[in-house]
Amino acid sequence: MSGNSLVLPIVLWGRNAPTHCISSLLVMDDLATIISGCHDGQICIWDMTPDLEINPRALLFGHTASVTCLSKASASGDKQYMVSASESGEMCLWDVNDGRCIEFTKLACAHTGIQFYQFTIGTQREGRLLCNGHYPEILVVDATSLEVLYSLVSKISPDWISSMSIIRSHRTQEDTVVAVSVTGILKVWIITAEVSRMQDMDPVFEEESKPIYCQGCQSISFCTFTQLSLLVVCSKYWRVFDAGDFSLLCSVPSENDQAWTGGEFIAADKVIIWTEDGCSYIYKLPASCLPASEHFRSDVGKTAEGSIPPLVYSIADRADKQLLICPPVTRFFYGRREPFHKLLVQGDSAGRLTLWSIPDTSPLQPLSSAAELQVSSTISLQEAFDKLTPLPAGIIDQLSVLPGSEEPIKVTASVYIPSQGRLVCGREDGSIILVPATQTAIVQLLQGEHMLRRGWPPHRTLRGHRNKVTCLLYPHQVSPRYDQRSLVSGGVDFSVIVWDIFTGEMKHIFCVHGGEITQLLVPPENCSTRVQHCVCSVASDHSVGLLSLRERKCIMLASRHLFPIQVIKWRPCDDYLVVGCSDGSVYVWQMDTGALDRCVMGITAVEILNACDEAVPAAVDALNHPAVNLKQAMTRRSLAALKNMAQHKLQTLATNLLAADNADKGNLPKYSHNALVVQAMKTNLTDPDMHVLFFDVEAVIIQLLTEEAQRPNPTLVSPETLQKAPGGVDKGGSFLANKIFKQVKETIKENIKEHLLDEDEDEEEEMRRREEKSKSLSLLEYNLTMDTAKLFMSCLHAWGLNGTLDEVCLSRLGMLRPHTPISFGLISRGGHMSLMLPTYKDSLLRQLARGSAEGRKLSVSEIVGKGTYGVSRAVTTQHLLSVISLANTLMGMTNATFVGEHMKKAPARPPRPGTPETPKKTAPQVSNPALQGQIKQAAAASTTALTTGTGAPHAGSTFHSSHSVNEGWSQLAAMHCVMLPDLLGLDKFRPPLLEMLARRWQDRCLEVREAAQALLLAELRRIGQSGRKDTIDAWAPYLPQYVDTVSSQGKAV
């Protein structure tokens, strides 16, 4: 998916919430959003109401390793940005409102802490991020571009910084950064206005450095209430220092070997400290630590170790102490605006968030025992999923619920075959299901007659594995050299099975591994011929196998690895398979002989892995130097290299022929993107699959127009015919070339047969004959393109806002109404993605309920319509562009209706009593201009007849004329382009982003370009003159100043 194309994700989450083992937490300044990062690299955004109710909204995908820290990246203004960093050195800047990735970068070092720091230069405010981590300085990063500007460096004993705090001084223009290194040395840097302006990489050295003997410092925080004291928390004790000269005011050891992990001031005289196991304690500080009392600093210099200050509250973890995989993460935040909550937030490895609101007053009872503080609210992702009605749908739930059980069987592996529009799902019980992807998605998301059918859509079940299917591979999709019938699956039962995808029979079982199969891979193109017909399987017993699909045997098993396998790389020119293990060792195997060439560790291992990524020399160079090649082949004793030389000659001859053939035709290259791609995702290896449907709008438009161009013979395509004639358009042109090519191939084959040591072509021909003989079984004949367009348009249309148009959409255009709120996603920079959780509709319901009349229950369709366009501005932009461009495309087609498209060739079952039967036949096409006029008059009559809802096939249905259909599409486009803000109400409508529309003003796809231009003009009209002026003012600073200021003073903008 290229970055330029318009791709929209729709998510089917399934009933099981994704694993979210929380590793870091952040509460935004307005206390309306909580952000949690997890050990698997995802970030979850949770909405919080003023009454402290929490609800998960979206999941952000982008990091490849555990999220180590989160920080806000903008001052509390209109833009809510936050920054996240991961263990692998990635940093991302996100827009919290819509989950867009604004900027991302990757540094060589991992951060463990980030603090946001804002300062003013003249009238302009600038943001900086101060980062510390596994490196001996503090990096100062620009908060908008994520560039490293300069660093704060230690002269004396430089070391990793374990924690830091920024002290804002209101008296002087100098701000101080106080940090504690891992060896317990406190360091102070002063940031002046001059330093902040610095853009060059000159390091700033520390002002002072003082050992405070705090080993294993966990956190350091500055008292914002008095601005005179500093709290340092170590794992065995916590201490309060004077912020002026850093003298020790009080020190408290931990009791009964608890390990402290952090702390904060919650008032001038109270601190909250929390432990590794999730308990927190609030202490009242002694008088010697309070600047307001006369005893302040009275204990300085005395060893005041023993005096433990009184405990005000203890906040225990849950009573039923379940074992957690990782220690919980606790953070304290307080609101700087209404409501002034002081919140303690805790996240644990089960994906649970718990909140405590901390009171300002102390309890009235005598302080003999500490009071217990009650939990204000708590929720986990799974609880939020379980509360939903209906439960969130999985991709094949309707086929997976067994009689007598509540839960559907979990899908554990999936692969999508775009050329046939089929989805293959492997399940927990070992069965594999083949199902048409668009049809099964329609069942899950939209309501229609299919809801009454059991076991719809028609599907095939393959049974062979005894237990869970762990991985699936369709090799033909990766490389056309494989037979398009073969599907390969691996399971927990140590076996790899090869299936014939068209007949459903099991071709072969490989049982060569001694552990469950974890991965199936395809070797690269330029391997030896024998390896080219293999798939590579990796198992949990640390073995790698090359399984030949053609010879049906294992040609190599590499099984001496001592540690789990992390990466497989190829070095085809040397005939090497390179295996990287989790302990950093690398094993190099010869593929042809199966011998272990060498095993290396350390820097050599890293270099070998990196060398595999280098570009392989082109085949042309190999042909130019046959002598060199022959010499290499002889020295390496490589049979494969000898074979390759003979084959390269064949290939170049063939390539030249085909190139000449293409030049004659002068064809444009075929657009390679698929209109729909279904991608299985899981946040953790133990999770069942969730499925994301990626719709490529441009590809849908191109396919619709291509079908329109081939309209004279409107045949239905089954997946097989689609597959067999990919170049159906240009058959005539290439027929001659094919003939010549076949003849040449025959003669060459005769000549070189004795040199080539395999009968590759013979087998291919035999396969072809067999293919013609066997009648390929089609699951269901349907028009893939129209089905994709139908699913997509039905999901995107704003239902429930215009009743008459909804009726037109259902009866005349054949769209279907969603029966569940649809979870959309947003793809932003660098493939970073935000996916809405199905629970987002709960927070939407709350917002909408406030706006609607009291006590009125909102229907699902209203939530769908309002929810789709009330999420965020970026999502609105993408959706409107897609709807309008597709509606315009369908409007330009003859009779582009979805009515009757659904459930064609279905096995005829009598309808259930009481259900109307819908007309099954598509209306005949009308091309005669004389008829067109009659139809236009009859259109009004026919639509009224259609919308009466009698359902029985009647005369009106033959007048599904292209005119009335086109009029429907036109109304649909107009509503989304112009009328949406008025229908939704301005308080709920999130208007499209002008800059995203402007970027598509010259889009390569004409329909998208026209939609963007229409939308941009409509939006500029809607915001009026004052809005346009605001836009110009906002963008003015970024415009280049080429204007001669003297001559153009009189002109207004």
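**One residue, then the rest**

Ser163 has a relative accessible area of 7%, so it counts as buried. This comes from a predicted model, so please keep that in mind for everything that follows. Ser163 sits in strand 14. What is Ser163 in contact with, leaving aside its neighbours within four places in sequence? The list is Asn132, Val178, Ala179, Val180, Cys217, Gln218, Ser219 and Ile220. There is also Val232, which is 69 residues away from Ser163 in sequence, while the two C-alpha atoms are 9.3 Å apart in space.

Ser157 is in the loop that runs between strand 13 (148-153) and strand 14 (161-167). Is Ser157 buried, exposed or partly exposed? Its relative accessible area is 35%, so Ser157 is partly exposed. Its phi is near 35 degrees, which is a positive value in a residue other than glycine. As background, most residues other than glycine have a negative phi.

A second residue of this kind is Arg552. Its phi is positive, about 55 degrees, and Arg552 is not a glycine. You will find Arg552 in the loop between strand 42 (544-548) and strand 43 (553-558). With a relative accessibility of 38%, Arg552 counts as partly exposed.

How far apart are the C-alpha atoms of Met82 and Asp95? They are separated by 6.6 Å, and the two residues are 13 apart along the chain.

On to the helices. The buried residues include Ala437 and Thr438, and the list runs on to Leu445. Gln439 and Gln444 are among them too.

Next, a pair of helices. Helix 11 (residues 697-709) packs with helix 19 (residues 873-891) at an angle of about 5 degrees, and their axes are 10 Å apart. Which makes helix 11 roughly parallel to helix 19. Which residues make the contact? From helix 11 they are Val697, Val700, Ile701, Leu704 and Leu705. From helix 19 they are Ser882, Ser885, Leu886, Thr889 and Leu890. Sorted by class, this contact has 7 nonpolar residues, 3 polar ones and no charged ones.

Now the whole chain. It has 1053 residues, and 52% of them count as buried. The chain holds 23 helices and 51 strands. Of the contacts between residues at least 6 apart in sequence, 59% join residues at least 24 apart. The accessible surface comes to about 48300 Å², and 55% of that belongs to carbon and sulfur atoms.

Last, confidence. The mean pLDDT of the chain is 75, and 71% of the residues reach 70 or more. Over residues 751-762, pLDDT stays under 50, and the model has 14 contacts beyond four places in sequence for that stretch. Residues 901-960 also stay under 50, and for them the model has 73 such contacts, beyond four places in sequence. Where pLDDT is low, the predicted coordinates should not be read in detail. That is the end of the tour.

Note on methods
Residues numbered from 1 in each chain as written. Predicted model: local features only at pLDDT ≥ 70, side-chain atom pairs only at ≥ 80, totals over all residues. Heavy atoms only, no water. Buried < 20%, exposed > 50% of the residue type's maximum accessible area, 1.4 Å probe, protein only. Helix = DSSP H or I, 4+ residues; strand = E, 2+ residues; numbered from the N terminus. Axes fitted to C-alpha atoms, helices over the stretch in contact; angles between N-to-C directions. Parallel < 35°, antiparallel > 145°, perpendicular 65-115°, else oblique. Contact = heavy atoms within 4.5 Å. Nonpolar A, V, L, I, M, F, W, Y, C, P; charged D, E, K, R; others polar. pLDDT = per-residue confidence, 0-100. Areas by Shrake-Rupley, 256 points an atom, 1.4 Å probe, with all protein chains shown as cover.
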